[in-house]
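Okay, everyone, let's get going.

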Amino acid sequence: MAELGCHATSLQQAKILERSNALRRRIDAWIEIQHLYIPQLASVRAAADQEGGGKPPAVHDIELYLPSRIHAFVHCDIILLQYEWELRYAQAHGSLNDLRGLLLMESMMFKSKERHSRGQHQQTRSVKLLKRVRSRIDAAAAKYRLIRSSLQSLARPLHQFKWSDILRVLEDDDMSTLTSLDNDTSEGRKKLKWIWTVQGTGANADESTQSGALFQYLSVTQDNIDNFPLALRVEWCKARARAHRWQEECLLLHEEMRRVLATFAWQSENWTTIARRLEATELTSSQSFPALVQADITTQAVVQEGKIAYAYRQAAIRYDMLKECKLRWEKCQTELLTLEGFNAEVMVECH
């Protein structure tokens, strides 16, 4: 009704009226049955009608007074609370499933728009379709948040405490697509949002988006999404490949650190060996005159002393670099091989 605006056609208004009448008949039947099981609600509804001035509300404004809304001030049988809990729990998973499907559709429509849309006409049409999908995403998110608030109201009297670890609070940042369809984030920083890791409620795992069925973008007006590659299985394979690349980089980095330390140790020992060999070398001269011999040996001694000092200095530099790297890398090398408590040399999916 809100989308029709003030310029709705007679046919559109007639359809809204027909649907409103059908909904009102169903709500009236619901109220009649509800008063049989919760008689106190008759007085509550009568008081609400008097506060409203006796004017009948719009059909979409009629309060249903479900147990999650009234159990605090009206006595409800515990079995009614349990029934609504089961209904809301299934609805929450269903709304999440719808949300995931719409996010996949939006991502594919973005990719299709970038590849195929050319010209003002196609671009305007694509933007309109994307806005329509985004409005459906917002509606699915609002539905999930409303359902979760009902679950939160029912959780305490039913002593349900673990559900909030599965059905978490839905933030705006959580409504993002699979990382395999995200081109804005680098491979090493991709992280799957929690809505994609919630276990589905479908009896057949292959029929739900959660288990991997990706919606097929058949046309711009159709959201049948059943023949595409299994999205979450593809996502798992890509996440596995990223984990393997990360694991390989950790092993290569650890090996590179080991080789750097071994290189510094060898270079330090090598320069020390050179210095000691120079120290053990006897100075000789090929001159025939004693005065020239003495001068030549003196010159060689000065040069040799400089070479020995240079060799020891290089050995000390390499040794200091070795100690510094060992001090800085001691914890890092252990973390590279453990990977948060796991063996880095074993594939991540085998832990």
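Which helix does A22 lie in? A22 lies in helix α1. And before I go on, please keep in mind that what you see is a predicted model.

Let's stay with A22 for a moment. Is A22 buried, exposed or partly exposed? With a relative accessibility of 30%, A22 counts as partly exposed, because that class runs between the 20% limit for buried and the 50% limit for exposed. There's also a distance to look at here: A22 and V59 are 37 residues apart in sequence, and from C-alpha to C-alpha they are 9.8 Å apart in space.

Now zoom out to the chain. Eight helices and zero strands, that's the secondary structure. If you read along the sequence, you get the pattern α-α-α-α-α-α-α-α. The chain has 351 residues, and 30% of them count as buried. Its accessible surface comes to about 23700 Å², and carbon and sulfur atoms account for 55% of that. One more number for the chain: take the contacts between residues at least 6 apart in sequence, and 65% of those join residues at least 24 apart.

Back to helix α1, then. This helix covers residues 10-37, which makes 28 residues. From the first C-alpha to the last, α1 reaches 41 Å, close to the 40 Å expected at 1.5 Å a residue. Which residues of α1 are buried? Those are S20, I27, I31 and Q34. And part of what covers them is α2, residues 40-51.

If we don't count residues up to four places away in sequence, I16 touches M1 and L4. I16 and M1 are 15 residues apart in sequence, with 7.2 Å from C-alpha to C-alpha.

Next, the surface. I33, L36 and Y37 form a nonpolar patch there, and together they have about 400 Å² of accessible area. Of these, let's pick L36, which also sits in helix α1. L36 counts as exposed, because its relative accessibility is 68%.

A quick word on α2. This helix has 12 residues and spans 17 Å from first C-alpha to last, close to the 16 Å expected at 1.5 Å a residue. After α2 comes G53, with a positive phi near 85°.

Okay, on to the aromatic rings. How many aromatic pairs does a search of the whole structure find? The search turns up four. One of them is W85 with Y89, a stacked pair, with 6.1 Å centre to centre and 25° between the planes. Both residues lie in helix α4, residues 78-116, and they are four residues apart, about one turn of the helix. Here's the general rule behind that: an α-helix has 3.6 residues a turn, so residues three or four places apart point the same way. What about burial for these two? W85 counts as buried because its relative accessibility is 6%. Y89 is at 24%, so Y89 counts as partly exposed.

Compare that with the pair W271 and Y310. Their ring centres are 5.6 Å apart and the planes are at 80°, so this pair is edge-to-face. W271 lies in helix α7, residues 231-280, while Y310 lies in helix α8, residues 290-338, so the pair ties together parts that are 39 residues apart in sequence. W271 is partly exposed, at a relative accessible area of 22%, and Y310 is partly exposed too, at 46%.

And which residues do ring pairs link into a cluster? W85 and Y89 again, along with W163.

Last stop: S150, in helix α5, residues 119-158. Why does S150 count as buried? Because its relative accessible area is 7%, and buried means under 20%. Leaving aside the neighbours within four places in sequence, S150 is in contact with S68, E84 and R88.

That's my tour. Go ahead and find those residues on the screen.

Notes. Residues numbered from 1 in each chain as written. Predicted model: local features only at pLDDT ≥ 70, side-chain atom pairs only at ≥ 80, totals over all residues. Heavy atoms only, no water. Helix = DSSP H or I, 4+ residues; strand = E, 2+ residues; numbered from the N terminus. Expected span 1.5 Å × (residues − 1). Buried < 20%, exposed > 50% of the residue type's maximum accessible area, 1.4 Å probe, protein only. Contact = heavy atoms within 4.5 Å. Phe/Tyr/Trp six-rings, centres within 6.5 Å; stacked < 30°, edge-to-face > 60°. Patch = residues over 30% accessible without salt bridge, like charges linked within 9 Å, V, L, I, M, F, W, Y side chains within 5 Å. Areas by Shrake-Rupley, 256 points an atom, 1.4 Å probe, with all protein chains shown as cover. Salt bridge = Lys/Arg side-chain N within 4 Å of Asp/Glu carboxyl O.
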